[in-house]
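Colleague: I would like to learn how to read a model feature by feature. Where do we begin?

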Amino acid sequence: MTRALITGVTGQDGYLLAEQLLVEGVEVFGLARRADADVPAGTQVFEGDLLDHESLDYAITEAHPDELYHLAAPTYVPDSYADPERTRREIVDATQFLLDRAPGRIFVASSSEIFGEAESSPQDEDSPKQPRNPYGEAKLAAFEAVAGARARGDHAVGGILYNHESTRRPERFVPRRVSVGVAKIKLGLEDELTLGDLDAVRDWSAATDLMRGAVMALRRQRPEDYVLASGVGRTVRELVEVAFGHAGIDPNGRVRIDPQFTRGVEAVPLVGNPSKARRVLGWQPQVSFEELIAQMVDFDVARLSA
């Protein structure tokens, strides 16, 4: 039986990946900050933290995984400005430690933030990488560490993940903020939705699709890096229209702009080019953007109605 260890198993990606692997019959182990964390049934949990390398070592020794999926990391970009050094230790140092200790194959989740001030759009694996925040800088250093591990003969794979969503996404992220806000308006709990720049462009996918791509990438015989994305840039305005449309509500007069939620619009939008993953892995998204947003709105309507 294949054994897999997932760091960040309680997060959106880790939880969904654990569900997928358990269905396949994989023996799944997860690293979480608490031993009693909420994880899919059948997952064996080790208590640990990215800053505590002894706990990482213990999890690897006990699980002895054939596949290690390193997904744990700070995920909210603005937080990286408050403590850049901690962000670096959590992302770079932890990744290097896991690369050095992994007994089998290892997948390391990277981010579109490594491209930062992109020169062209869409971006692929070879596009110039010019991060513009501490989070992106740390993710790039970790991504380069993956390449270093591969150069010395390790089976290390880097996945450059663009924005990906699900009903498990925290509400501080825009798509979930929208789905929750639309659900509250539909139920008469609120009158309006507060957002930042409606013209900001993002490349959104279903998290389940990207986790499936991660597994496919890691299991390929030759380890390489892959961009996992929809390949389509959409504005926040489009996201709002789809969500309100699914709920049967006219968005006019329902959206208020608050500058505190504005991060600024990139001169060149971060949109991924997943052609390599599609060509080499045969990976294809299974959930459309419209289906994803509908799932999230329906979930929040049902949750808030209970």
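Modeller: Begin with burial. Buried means under 20% relative accessible area, exposed means over 50%, and partly exposed lies in between, with a 1.4 Å probe and protein chains only. Keep the source in mind: this is a predicted model, where local features need pLDDT of at least 70, side-chain atom pairs count only at pLDDT 80 or more, and totals for chains, interfaces and linings use all residues. Residues are numbered from 1 along each chain as its sequence is written, and side-chain values use heavy atoms, with hydrogens and water left out.

Colleague: Now salt bridges. How many salt bridges does a search of the whole structure find?

Modeller: The rule is a side-chain nitrogen of Lys or Arg within 4 Å of a carboxyl oxygen of Asp or Glu. By that rule the whole structure has 22 salt bridges. Take glutamate 165 and arginine 169. Their side chains meet at 2.9 Å, N to O. Both residues are buried.

Colleague: Which residue forms a salt bridge with glutamate 224?

Modeller: Lysine 276, with the closest N and O atoms 3.3 Å apart. Now place the two ends. Helices (H or I, at least four residues) and strands (E, at least two) are DSSP runs, numbered from the N terminus. Glutamate 224 sits in the loop between α6 (207-219) and β11 (226-228), and lysine 276 in helix α8 (residues 275-281), so this pair ties together parts 52 residues apart in sequence. Glutamate 224 is buried at 16% relative accessible area. Lysine 276 is buried too, at 15%.

Colleague: And within one helix? How far apart are the closest N and O atoms of glutamate 90 and arginine 86?

Modeller: They are 3.4 Å apart, in a salt bridge. The two residues are four apart in helix α3 (residues 84-101), which means a separation of about one helical turn. Glutamate 90 is buried at 9% relative accessibility, whereas arginine 86 is partly exposed at 35%.

Colleague: What about networks?

Modeller: Salt bridges can share residues. Here Glu171, Arg176, Asp300 and Arg303 are linked in a network of them.

Colleague: How does the lining of the largest cavity divide by class?

Modeller: First the classes. Ala, Val, Leu, Ile, Met, Phe, Trp, Tyr, Cys and Pro count as nonpolar; Asp, Glu, Lys and Arg as charged; the others, Gly among them, as polar. The largest cavity has six nonpolar, two polar and one charged lining residues. The second largest cavity holds about 30 Å³. Its lining has two nonpolar, three polar and one charged residues, among them Glu119 and Pro128.

Colleague: Now strands. How does β2 pair with β1, and over how many bridges?

Modeller: Two strands pair if DSSP finds at least two bridges between them. Strand β1 (residues 3-7) pairs with β2 in the parallel sense over five bridges. Leucine 5 has phenylalanine 29 in β2 as its bridge partner. Strand β3 (residues 44-47) also runs parallel to β2, joined by four bridges. There, leucine 31 stands opposite phenylalanine 46. Five of the six residues in β2 (residues 27-32) are buried.

How values were computed
1 Å grid on protein atoms, 1.4 Å probe; cavity = no way out; pocket = protein on both sides within 12 Å on 5 of 7 lines; lining within 4 Å. Points joined across faces, edges and corners; volume = space filled by probe spheres on them.
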